[in-house]
Amino acid sequence: MKNEAYKHRIIDEMVEQYLNVFGAVCIEGPKWCGKTWTSRFHCSSEYLVGNPDNNFQNRRLAELSPSLILPGEAPRMIDEWQEVPPIWDAIRYEVDRRGTKGQFILTGSSTPKVKGILHSGAGRIGRLRMRTMTLYETGRSSGQVSLKDLCGGSLSPVFTGEVDLKVIMDSIIRGGWPGNQSLPLKDAALLPVEYMNAIVEDEVHRIDGIQRDKRKVLLLLRSLARNEATTASNRLLKNDVKGVDDEDIDINTIAAYLDIFDRLFLTDNQEPFSSNIRSSVRVKQAQKRHFADPSLACALLGATSEKLMGDLNTLGFLFEALCEHDLRIYAESFGAKLYHYQDYAGREIDAVIELDNGDWCAFEIKLGANKIDEGAESLNRIRKKIKEDGGRPPKICCVICGLSNAAYQREDSVFVVPITALKD
């Protein structure tokens, strides 16, 4: 079902690879990130479970007998399969029966509990996480620097041009939602606001049918927004909710709500990195908090360009979130993984990319070009400490900058790359 108007995504090559390896591919991610359009581009027939025609006849038929909806030219897309969880086992069984690859593409914007699913699908159904668009995919990055090449130690110095701070703020507030890219910023800012309203008013309840305190859900979401791109603990979130809004919430409730946000693909946290860093200093094992798109944090904070201009500290955290969002997508396209590093001596690395051969690369993220020296010095201190402790130092160190006008390597061997010049 190839569509000439389709705007290619970085995940496309991974979808094709997975179709060659697995009998079915499940593409998961937040609503409105482009899962259906991408799946439709790769499929030859489709079945839309959520189609409202004829009093939701498609869903009723799937509930009656999931096997009835599977016939069709392969790859066959089953959109929003999680609305009828038994579809999963029907797909798994049909893949086994046919014994061929690339039969189905499933899309899902939430992960149901195991109720209604009897088999994991391991070996039959491959899972891919789809995210909102990167700056390169939206056309806001020139793509002059490849992250894959950079992680291999290769960078040709290049002038990338001046960057207006307003462009950075626009990208953060607008987000990477495909349907949001051509709208004026004022209109585009409404989408993440309504996204969060839908989460609070409907999606949190729909995921398992349990009614929850909407006010507490909203307060926790606002706390997460205030702690975007930090390693805030569950207890800190609890105290934040109580201290700022005078609304108490149980620590177990916090954990339960966070699990729901994760199952809705609303959050996309950054795991800690410790492999091969054999330092005498213990490494903290805390996730760095992230929403699926930095625009969601903006929506919850009521952040506008004018407000962010007057609060550069908050802008810095949101810019870090934007960069780490893009770095994750670029890295995963060539089999690498994104982490962060933090130890109990106060040393931190904003982003760590681990390659499939065990090498790793260290990235500091700085909004202003006047902070490049600071970022490079921090990276060199940590690299030196790891060497002294007999650990495996990073293959390359790099400062990702917002307002730099060139990509180059410094005399101290640290690379500098503008986020608006980066691609996979």
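Let's start at the largest pocket, whose lining residues divide into ten nonpolar, eight polar and eight charged. Keep in mind as you click around that this is a predicted model.

**Stop 1: the largest pocket**

Select Gly316, Phe317, Glu320, Ile365 and Lys366, which lie nearest the centre of this pocket among its 26 lining residues. The volume here is about 540 Å³. Now colour by element: α15, β8 (337–342), β9 (348–354) and β10 (360–366) each give two or more residues to the lining. Which of them gives the most? That is α15, with six residues.

**Stop 2: the largest cavity**

Searching the whole structure turns up three cavities of 30 Å³ or more. The largest has a volume of about 90 Å³. To centre your view on it, select Asp268, His290, Phe291, Ala321 and His325, the closest to its centre of the 14 residues that line it. Helix α15 (residues 312–332) turns up again, with four residues, the largest share of this lining. Sorted by class, the lining has five nonpolar, three polar and six charged residues.

**Stop 3: the second largest cavity**

Next, pick Met133, Ser171, Gly175, Gly176 and Leu322; of the 14 residues lining the second largest cavity, these are the closest to its centre. About 70 Å³ of space lies inside. Show α5 (135–138) together with α15, as each supplies at least two residues of the lining. Here too α15 gives the most, this time three residues. What is the make-up of this lining by class? There are four nonpolar, seven polar and three charged residues.

**Stop 4: aromatic rings**

Tyrosine 18 has 22% relative accessibility and counts as partly exposed.

Then go to tryptophan 81 and tryptophan 88. Their centres are 5.0 Å apart with the planes at 40°, so this pair is tilted. Are these two buried or exposed? Tryptophan 81 counts as buried at 2% relative accessibility, and tryptophan 88 counts as buried at 1%.

For a group of rings, select Trp32, Trp177 and Tyr195, which ring pairs link into a cluster.

**Last stop: a charge over a ring**

Finish at arginine 40 and tryptophan 37. The charged end of arginine 40 sits over the ring of tryptophan 37, 5.7 Å from the ring's centre.

Terms used. Residues are numbered from 1 along each chain as its sequence is written. This is a predicted model: local features need pLDDT of at least 70, side-chain atom pairs count only at pLDDT 80 or more; totals for chains, interfaces and linings use all residues. Side-chain values use heavy atoms; hydrogens and water are left out. On a 1 Å grid over the protein atoms alone, a cavity is a set of points where a 1.4 Å probe fits but cannot get out, and a pocket is an open set with protein on both sides within 12 Å along at least five of seven lines; lining residues have an atom within 4 Å of a point. Grid points are joined across faces, edges and corners, and a volume is the space filled by probe spheres set on the points. Ala, Val, Leu, Ile, Met, Phe, Trp, Tyr, Cys and Pro count as nonpolar, Asp, Glu, Lys and Arg as charged, and the others, Gly among them, as polar. Buried means under 20% relative accessible area, exposed over 50%, partly exposed in between (1.4 Å probe, protein chains only). Rings of Phe, Tyr and Trp (its six-membered ring) pair if their centres lie within 6.5 Å; planes under 30 degrees apart count as stacked, over 60 as edge-to-face and the rest as tilted. A charge sits over a ring if NZ of Lys or CZ of Arg is within 6 Å of the ring centre and within 35 degrees of the ring normal.
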